[in-house]
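Hello,

Here is the structure I promised to pass on to you. Please open it alongside this message, and then read on for what turned up in it.

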Amino acid sequence: MSIFTKIITGEIPSYKVAEDANFIAFLDINPNAKGHTLVVPKKEVNKIFDLSKEEYTQLMDFSYRVAKALEKTVVCKRIGMSVIGLEEPHVHVHLIPLNAMADIQFAQKVKLTNDEFISLSKSISDNFAFISLTLMGDNLIIFSLIVPSKIPQSESGLYKISFLI
């Protein structure tokens, strides 16, 4: 069992910023830069290209949404992305707020206090939004919205609003 699976199952605590049925994103506890986030599929797979094409696409879509939340939260020039996978046998995407090339090189680390991690994870989570439109038949659209911490949520954290167009 990978360390990420232990985080997913709650055996190991994390500073979670986003989650859905298939993926989780949490702050790296040894970050290259403030906001360095790991995006991990809940299914334990060792190598990124061992994911199915659909799983890979879904991972990139989820990573995109987390990166957008990071951009709204952390002052930086851009969000960098890295997939290495040698340090842990479980697929994961590094999303790193970048201000200089050194921020992506895994040579320099920043230190955050527990309170800083908690505050940052909440801020990113507040900026994370999942919006999905699904066409059902000729005239029914299913609209799904997840906005953690901003509106009251059901146990599943998912609201579905259906309307005719």
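Below is a walk through the strands, the helices, the cores and a pair of histidines.

First, some housekeeping. This is a predicted model, in which local features need pLDDT of at least 70 and side-chain atom pairs count only at pLDDT 80 or more, while totals for chains, interfaces and linings use all residues. Residues are numbered from 1 along each chain as its sequence is written, and side-chain values use heavy atoms, with hydrogens and water left out.

**The strands**

Helices (H or I, at least four residues) and strands (E, at least two) are DSSP runs, numbered from the N terminus. Two strands pair if DSSP finds at least two bridges between them. Strand E1 (16–19) runs antiparallel to E2, with three bridges joining them. The two form a hairpin with three residues between them, and in this pairing glutamate 19 stands opposite isoleucine 24 of E2.

E5 (residues 93–98) has two partners to look at. Five bridges pair E5 with strand E4 (residues 78–82) in the antiparallel sense, and isoleucine 79 has proline 97 in E5 as its bridge partner. E3 is also antiparallel to E5, joined by three bridges, with threonine 37 opposite leucine 95.

How many residues of E5 are buried? Six of the six are, so E5 is largely enclosed by the rest of the structure. Here buried means under 20% relative accessible area, exposed means over 50%, and partly exposed is in between (1.4 Å probe, protein chains only). In a regular strand the side chains alternate between the two faces of the sheet. In E5 both faces are covered: Val93, Leu95 and Pro97 are buried on one side, and His94, Ile96 and Leu98 on the other.

**Two histidines**

With a relative accessible area of 4%, histidine 94 is buried. Its side chain makes a polar contact of 2.8 Å with the side chain of histidine 36 and another, of 3.2 Å, with the side chain of glutamate 87. A polar contact is a pair of N or O atoms within 3.5 Å; within protein, one must be able to donate a hydrogen and the other to accept it, and residues adjacent in sequence count only if both atoms are side-chain atoms.

Histidine 36 sits in the loop between strand E2 (23–27) and strand E3 (37–41), and is buried at 1% relative accessibility. Setting aside residues up to four places away in sequence, histidine 36 touches residues including Asp28, Pro31, Leu95 and Phe106. Histidine 94, with its neighbours within four places left out, is in contact (heavy atoms within 4.5 Å) with residues including Asp28, Thr37, Met81 and Phe106.

**The helices**

Helix H2 (residues 53–73) has 21 residues and reaches 30 Å from its first C-alpha to its last, close to the 30 Å expected. That expected span is 1.5 Å times one less than the number of residues. Among the buried residues of H2 are Leu59, Phe62, Val66 and Leu70. H3 has 14 residues and reaches 20 Å, close to the 20 Å expected. Its buried residues include Phe117, Leu120 and Ile124, and what covers the buried residues of H3 includes E1, E2, E3 and H2.

**The cores and the rings**

A nonpolar core is a set of buried Ala, Val, Leu, Ile, Met, Phe, Trp, Tyr and Cys residues joined through side-chain atoms within 4.5 Å. The largest has 27 residues, and those with the most contacts inside it are Val39, Leu59, Phe62, Val66 and Leu95. H2 gives the largest share of this core, seven residues. Another core, of six residues, lies apart from it, with Phe4, Ile7, Phe26 and Leu38 among them.

Five aromatic pairs were found in the whole structure. Rings of Phe, Tyr and Trp (its six-membered ring) pair if their centres lie within 6.5 Å; planes under 30 degrees apart count as stacked, over 60 as edge-to-face and the rest as tilted. Phenylalanine 4 and phenylalanine 26 have ring centres 5.8 Å apart and planes at 55°, so this pair is tilted. Phenylalanine 4 lies in helix H1 (residues 3–8) and phenylalanine 26 in strand E2, so the pair ties together parts that are 22 residues apart in sequence. Elsewhere, ring pairs link Phe23, Phe62 and Phe128 into a cluster.

Best wishes
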